[in-house]
Amino acid sequence: MVYLDNAATTKPIGELTNNWFNSNSSYSNGNEIIWECKKTIAECIKVKPTEIFFTSGGCEGNRICIDTLYSYLNRPVLISKFEHKSVYTNNKAIPSNNPEYCMFINNETGYKFDISNCLGSDMVQALGKEYIDCSNLLCATFSGHKIHSYKGIGFIYISESIQKYMPDISRTMDLDKIIHITGRVKNVTENLTQHRDKIIQLRKLLFSELDKMGIDYKVNCDRIDSSIISLVINELGEYVCNRLQEKEIYISTGSACNTGKGSYVLENMGLSKYERDRVIRVSLDSENSMGDIREFVRELRGERVGEENLLNNTYT
């Protein structure tokens, strides 16, 4: 199996601890465990432990951040036109060319946004891939299953200065998953340089193999250290994904949340419908091998659907 859809989800690394006690019970030491986890995560993203809150994942985290900023600002939050669906469809947010809440790394193209003037950020795709410092933000969202932890666990950073505007998020905490995501946050932070070096090597090999095989493509975001690679090719994206799936090679056409609905992100980037229909997304991880890349390109070249010279030469 070749798995190249790591922007959608990653395979969990390491087992859960089987700490199934209720975190609020007197015998579980839950509060102490959670506090230590918050301290570890806070150190990794350069904030205070009191500013870390655990969630069920990126979608809930984005909702809480938008709700908090909406109450703080007393008006809709300005967002970019390229946000994840959980932000883009929030009725407390409106698209703007000067966003106050903006994703750091785009989940469909790998584009890196300048968030230096933002109040908050969706950092789901950035953790483990970029240096993270939230000290100049008011809020940020993170998710576990993008960094080899489990689905159903994430965390947010909310600055102490705006916590009084937060909605109620009290709940029974899943100690097992909190312990696991904390370990993964620490691991990806400590190994960031090695991860980026591996991604650069994999990207170089990918484009080298594409060129060697004579496959025409256009790169939607050509950033040398981006693990997310969005390509316009000469075949329908859905057809390619289905064809490769038969060979146990897994890629995507974009965000899993928009599967079958078309990408408003790519449309807002200016891609024509013709181009959008021919997009594939390859998302790499340091767990991938050089062999994965070679097998993917070999099978991508495979049997074609008869479309030739569909891309303008400027795309290659």
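Contact is taken here as heavy atoms within 4.5 Å. The structure is a predicted model, in which local features need pLDDT of at least 70 and side-chain atom pairs count only at pLDDT 80 or more, whereas totals for chains, interfaces and linings use all residues. Residues are numbered from 1 along each chain as its sequence is written, and side-chain values use heavy atoms, with hydrogens and water left out.

The protein chain has an average pLDDT (the predictor's confidence in each residue, from 0 to 100) of 92, and 94% of the residues score at least 70. Residues 304–316 have a pLDDT below 50, and this stretch makes 24 contacts in the model beyond near neighbours in sequence. Where pLDDT is low, the predicted coordinates should not be read in detail.

Helices (H or I, at least four residues) and strands (E, at least two) are DSSP runs, numbered from the N terminus; two strands pair if DSSP finds at least two bridges between them. An open sheet of 4 strands has mixed pairing and the order S2-S7-S6-S5. Its edge strands, S2 (52–55) and S5 (120–122), each pair on one side only. Direction ignored, neighbouring strands of this sheet are turned by 20° against each other on average. Strand S5 runs parallel to S6 (residues 139–143), to which 3 bridges join it, and Ser121 stands opposite Ala140 in S6. Helix H1 packs on this sheet, touching S2, S6 and S7 (154–158), and its direction makes about 110° with that of S2. Helix H2 (residues 58–73) also packs on the sheet; H2 touches S2, S5, S6 and S7, and its direction makes about 170° with that of S6.

Axes are lines fitted to C-alpha atoms, for helices over the stretch in contact, and angles run from 0 to 180 degrees between N-to-C directions. Helix H1 (residues 30–45) packs against helix H4 (residues 175–190) at an angle of about 20°, with the axes 9 Å apart. H1 is therefore roughly parallel to H4, a term for angles under 35 degrees, while those over 145 count as roughly antiparallel, 65 to 115 as roughly perpendicular and the rest as oblique. The residues that meet include Ile33, Ile34 and Cys37 in H1 and Ile178, Ile179 and Thr182 in H4. By class, the contact of H1 with H4 has 9 nonpolar, 4 polar and 1 charged residues; Ala, Val, Leu, Ile, Met, Phe, Trp, Tyr, Cys and Pro count as nonpolar, Asp, Glu, Lys and Arg as charged, and the others, Gly among them, as polar.

A further open sheet, of 3 strands, has antiparallel pairing and the order S8-S9-S11. Strands S8 (218–219) and S11 (279–283) form its edges, each pairing on one side only. Strand S9 (residues 228–232) runs antiparallel to S11 and is joined to it by 5 bridges, with Ile228 opposite Ser283 in S11. Helix H5 (residues 192–212) lies across S8 and S9, running at about 20° to S9.

Helix H5 also packs with H9, at an angle of about 25° and with the axes 10 Å apart; H5 is therefore roughly parallel to H9. Their contact comprises 9 nonpolar, 1 polar and 2 charged residues. The axes of H6 (residues 237–245) and H9 (residues 290–301) come within 10 Å and cross at roughly 115°. In this contact, Val240, Arg243 and Leu244 in H6 meet Phe296, Glu299 and Leu300 in H9, a set that divides into 4 nonpolar, no polar and 2 charged residues.
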